[in-house]
Amino acid sequence: DITERRRLEDRAVQLAHALEDNREMICMSDDKGCASFVNQALVQSTGYREEEILGKSFDETILSPNNSPTLAGEIKTSMVREGKWRGECLQRRKNGPDLPISLSISVLRDREGHATGAFAISQDITERRQLEEQLRRAQKTEAVGQLAGGVSHDFNNLLMVIMGYAGDLEERFDESDPLRRKA
């Protein structure tokens, strides 16, 4: 009876399709940190051919050299200590500017718990960053507007005091007094 084996094979095919067809960028590496699988989303976003990524380290193919010089070390340290890392960084592209991504990496383990590689999934956050920048600009504009409104209100209060005193002065002068018009 091969029913169970057939079920497991079908599940493996479904998982393979889910990884390959996913809109998120996915990369798996072996225990030496070399890419062993990349999905089409990652290939398309980087502009590299699959063959140019497979067998090479994540640091030299995916992570941009424009990231913090300590990023690769931080990721490795976190992977050893916690078995995972999550954060934002820049992804290298073959042609074009670096791509800001949200990256999540976790250690892959065998049945005995030994590390056999890593699984990384990332998402393009260009649009989110643009929206955050627009929000920051809108908040700055709002703050300037509130400041201008406050200054205008205070200035208006001062003018009211001046106009009040000018009115008092005007009443104290006779109609014929030239100072009345100036008041």
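Two strands are taken to pair if DSSP finds at least two bridges between them. In the present model, which is predicted, strand E1 (residues 25–30) and strand E2 meet this condition, pairing in the antiparallel sense over three bridges. Within this pair, Cys27 stands opposite Val38 in E2.

The pairing of E1 with E2 belongs to an open sheet of five strands, in which the order is E2-E1-E5-E4-E3 and the pairing is antiparallel.

E3 and E4 are joined in the antiparallel sense over eight bridges, and the bridge partner of Lys84 in E4 is Ser106. E4 and E5 likewise pair in the antiparallel sense, here over nine bridges, and Ile101 stands opposite Asp124 in E5. The hairpin of E4 and E5 has five residues between the strands, and Gly113 in this hairpin takes a positive phi near 90°. In general terms, the strands of a sheet pair through backbone hydrogen bonds, in either a parallel or an antiparallel manner.

Helix H5 also contains Ser78. With a relative accessible area of 12%, Ser78 counts as buried, because the limit for this class is under 20%. When residues up to four places away in sequence are not counted, Ser78 touches Gly83, Lys84 and Trp85. Lys84, one of these contacts, is also the residue whose bridge partner in E4 is Ser106.

Charged side chains form a further group of contacts. Side chains of opposite charge can pair when their charged atoms come close. The structure holds ten salt bridges. One of them is formed by Glu4 with Arg7, the closest N and O atoms being 2.8 Å apart. Both residues lie in helix H1, where Glu4 and Arg7 are three residues apart, about one turn of the helix. Glu4 is partly exposed at 45% relative accessibility, and Arg7 is also partly exposed, with a relative accessible area of 45%.

Another salt bridge links Lys32 with Asp31, with 3.8 Å between the closest N and O atoms. Lys32 counts as exposed because its relative accessibility is 68%, where the class requires over 50%. Asp31 is exposed as well, at a relative accessible area of 56%. Arg49 is partly exposed, its relative accessible area being 47%. Glu52 and Arg49 are also members of a network of salt bridges that links Arg49, Glu51, Glu52 and Lys94.

Phe155, Leu158, Leu159 and Ile162 make a nonpolar surface patch of about 400 Å². Leu159 is found in helix H6 (residues 126–172). The relative accessibility of Leu159 is 34%, so this residue counts as partly exposed.

Ala16 lies in helix H1 (residues 3–21) and counts as partly exposed at 42% relative accessibility. Ala16 and Asn39 are 23 residues apart along the chain, and their C-alpha atoms are separated by 9.7 Å. Leu179, by contrast, lies in helix H7 (residues 178–182) and is partly exposed, with a relative accessible area of 44%. For Leu179 and Arg86, which are 93 residues apart along the chain, the separation of the C-alpha atoms is 76 Å.

Definitions and conventions. Residues are numbered from 1 along each chain as its sequence is written. This is a predicted model: local features need pLDDT of at least 70, side-chain atom pairs count only at pLDDT 80 or more; totals for chains, interfaces and linings use all residues. Side-chain values use heavy atoms; hydrogens and water are left out. Patches are made of residues with over 30% relative accessible area and no salt bridge: like charges are joined within 9 Å, nonpolar side chains (Val, Leu, Ile, Met, Phe, Trp, Tyr) within 5 Å. Accessible areas come from the Shrake-Rupley method with a 1.4 Å probe; for residues, only the protein chains shown count as cover. A salt bridge is a side-chain nitrogen of Lys or Arg within 4 Å of a carboxyl oxygen of Asp or Glu. Helices (H or I, at least four residues) and strands (E, at least two) are DSSP runs, numbered from the N terminus. Buried means under 20% relative accessible area, exposed over 50%, partly exposed in between (1.4 Å probe, protein chains only). Contact means heavy atoms within 4.5 Å.
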